[in-house]
Amino acid sequence: MQRILDPGQIEAFAQRDLQRLRLPDRARVFSTRAARLRQQSEAGAIGHAIGEYLKLMAHLADAQQIALTNLESALPDAEQIAHARTFHMPPVSVVGWRRKEQWLRSLDLICESVAAVPDLPQQASAVCDLLRNLESDQLEAQADSLLAAQTSAVDAASAPFIMAALQVYWVSLASRLSLDAIQELDVPGVCPTCGTLPVASVVRADSRSQGLRYLHCALCATEWHMVRVKCSHCQTTQGISYQSIENGPRGIRAECCDTCHTYRKILYQEEDSAVEPVADDLASLALDLLLSDAGYHRASSNPLLWNPS
Ligand SMILES: [Zn+2]
Ligand SMILES: [Zn+2]
């Protein structure tokens, strides 16, 4: 009997030397996101709640870039990396790695930068004040809840700010790790650097990764390869379909799975060179509404939008 390969398997065979991992570029990871958020906020959404929210998140991403420039974080040593390898764990796992209190300094810097933005909405400056006056153990407890996705224990207005500081801390680690320290995990749907779920996936168009699909970590911005036409939640290659908004933005679709009934958005750099996973996922809430009406659930949330439930 002839064995028929699905498109994902054909791609895997064809790309034996593919770039498996793309680590974040600490010089521009958040400034690129800020620019995209600003562009999206101006693309016809001004005056609407989402446009204003994207603008606020653009300020937040600018503040993240400043905080990252000011952060030097201690990396895992050879023994810790060997330990992670032995137990098939990510080297700076959100559960196994003890985060240093440097992240609190990043949070303070982020709040200071955002609070200094002219004409900041009153609610946002109140959040900055609140966070700068909380005790560190209260902030650590909120961070623990956020990283464990315990929605009920988190203040929805503060959550994006706390998550922003945690992103700065983990991006700082990911951007300095050597590729050898990061191994392929038994669970392909989580980030091999920190163990967090991806926010979206992106088909890259640069010469090293032309046409390859990567999942983008919601926390540390590591991107790891996964073949196309495959559910990033349950790993099936059957019953995958793609949905988009009619006459909507180019370069974004939802990859939907009829096995687990979830979806994640997939971005195509070839169609829009400026796509950025966190920003584009946040700016395409209309697609979420469409998918929700069709009976699909988000496979994971956006780190900058916290829905208490
Ligand atoms: Zn990660
Ligand atoms: Zn699935």
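**Exercise 1.** Is Cys-260 buried or exposed, or does Cys-260 fall in between?

*Solution.* The structure is a predicted model, in which local features need pLDDT of at least 70, side-chain atom pairs count only at pLDDT 80 or more, and totals for chains, interfaces and linings use all residues. Residues are numbered from 1 along each chain as its sequence is written, chains are lettered from A and ligands numbered from 1 in the order in which they are written, and side-chain values use heavy atoms, with hydrogens and water left out.

Step 1. The classes are buried (under 20% relative accessible area), exposed (over 50%) and partly exposed (in between), with a 1.4 Å probe and protein chains only.

Step 2. The relative accessible area of Cys-260 is 22%, so Cys-260 is partly exposed.

Step 3. Cys-231, at 5% relative accessibility, counts as buried.

**Exercise 2.** Determine the donors and the geometry of the zinc ion (ligand 2).

*Solution.* Step 1. Donors are N, O and S atoms within 2.8 Å of the metal (3.2 Å for Na, K and Ca); water is not among the atoms, so sites may look incomplete.

Step 1. Four donors count as tetrahedral if all angles lie between 85 and 135 degrees. The 4 donor atoms around ligand 2 subtend angles of 107 to 115°, so the arrangement is tetrahedral.

Step 2. Along the chain, the donors of ligand 2 follow the spacing C-x2-C-x22-C-x2-C. Cys-231 lies in the loop between β4 and β5 (240–243), and Cys-260 in the loop between β6 (252–257) and β7 (262–268), so this pair ties together parts that are 29 residues apart in sequence. Helices (H or I, at least four residues) and strands (E, at least two) are DSSP runs, numbered from the N terminus.

**Exercise 3.** Carry out the analysis for the zinc ion (ligand 1).

*Solution.* Step 1. The protein donors of ligand 1 are Cys-191, Cys-194, Cys-217 and Cys-220, each through SG, lying 2.3 Å from the zinc ion.

Step 1. The angles among the 4 donor atoms of ligand 1 are 98 to 119°, and the site is tetrahedral.

Step 2. The donor spacing of ligand 1 is C-x2-C-x22-C-x2-C. Cys-194 is in the loop between α8 (159–176) and β2 (198–203), whereas Cys-220 is in the loop between β3 (213–217) and β4 (223–225), so the pair ties together parts 26 residues apart in sequence.

Step 3. Cys-194 counts as buried, at 0% relative accessibility, and Cys-220 counts as buried, also at 0%.

**Exercise 4.** What lines the largest cavity?

*Solution.* Step 1. On a 1 Å grid over the protein atoms alone, a cavity is a set of points where a 1.4 Å probe fits but cannot get out, a pocket is an open set with protein on both sides within 12 Å along at least five of seven lines, and lining residues have an atom within 4 Å of a point. Grid points are joined across faces, edges and corners, and a volume is the space filled by probe spheres set on the points.

Step 1. The whole structure holds 1 cavity of 30 Å³ or more, and the largest cavity contains about 40 Å³ of space.

Step 2. The lining consists of Cys-231, Ser-232, Glu-255, Cys-257, Thr-262, Tyr-263, Arg-264 and Ala-299. β6 and β7 are the elements that give two or more residues to this lining, with the largest share, 3 residues, coming from β7.

Step 3. Ala, Val, Leu, Ile, Met, Phe, Trp, Tyr, Cys and Pro count as nonpolar, Asp, Glu, Lys and Arg as charged, and the others, Gly among them, as polar. The cavity lining divides into 4 nonpolar, 2 polar and 2 charged residues.

**Exercise 5.** Describe the linings of the largest pocket and the second largest pocket.

*Solution.* Step 1. The largest pocket has a volume of about 690 Å³. Its lining has 31 residues, of which Ser-300, Ser-301, Asn-302, Pro-303 and Trp-306 are the closest to the centre.

Step 1. α10 (285–293) gives the most to the lining of the largest pocket, 4 residues. That lining divides into 18 nonpolar, 10 polar and 3 charged residues.

Step 2. The second largest pocket has a volume of about 450 Å³. Among its 21 lining residues, Gln-40, Pro-249, Ala-283, Ser-284 and Leu-285 are the closest to its centre. The division here is 11 nonpolar, 6 polar and 4 charged.

**Exercise 6.** Which side chain does Glu-223 contact?

*Solution.* Step 1. Glu-223 lies in strand β4 and is buried, with a relative accessible area of 3%.

Step 1. A polar contact is a pair of N or O atoms within 3.5 Å; within protein, one must be able to donate a hydrogen and the other to accept it, and residues adjacent in sequence count only if both atoms are side-chain atoms. Such a contact, of 2.6 Å, joins the side chains of Glu-223 and Arg-204.

Technical notes:
Four donors count as tetrahedral if all angles lie between 85 and 135 degrees; four count as square planar and six as octahedral if opposite donors are over 155 degrees apart and all others between 65 and 115; anything else is irregular.
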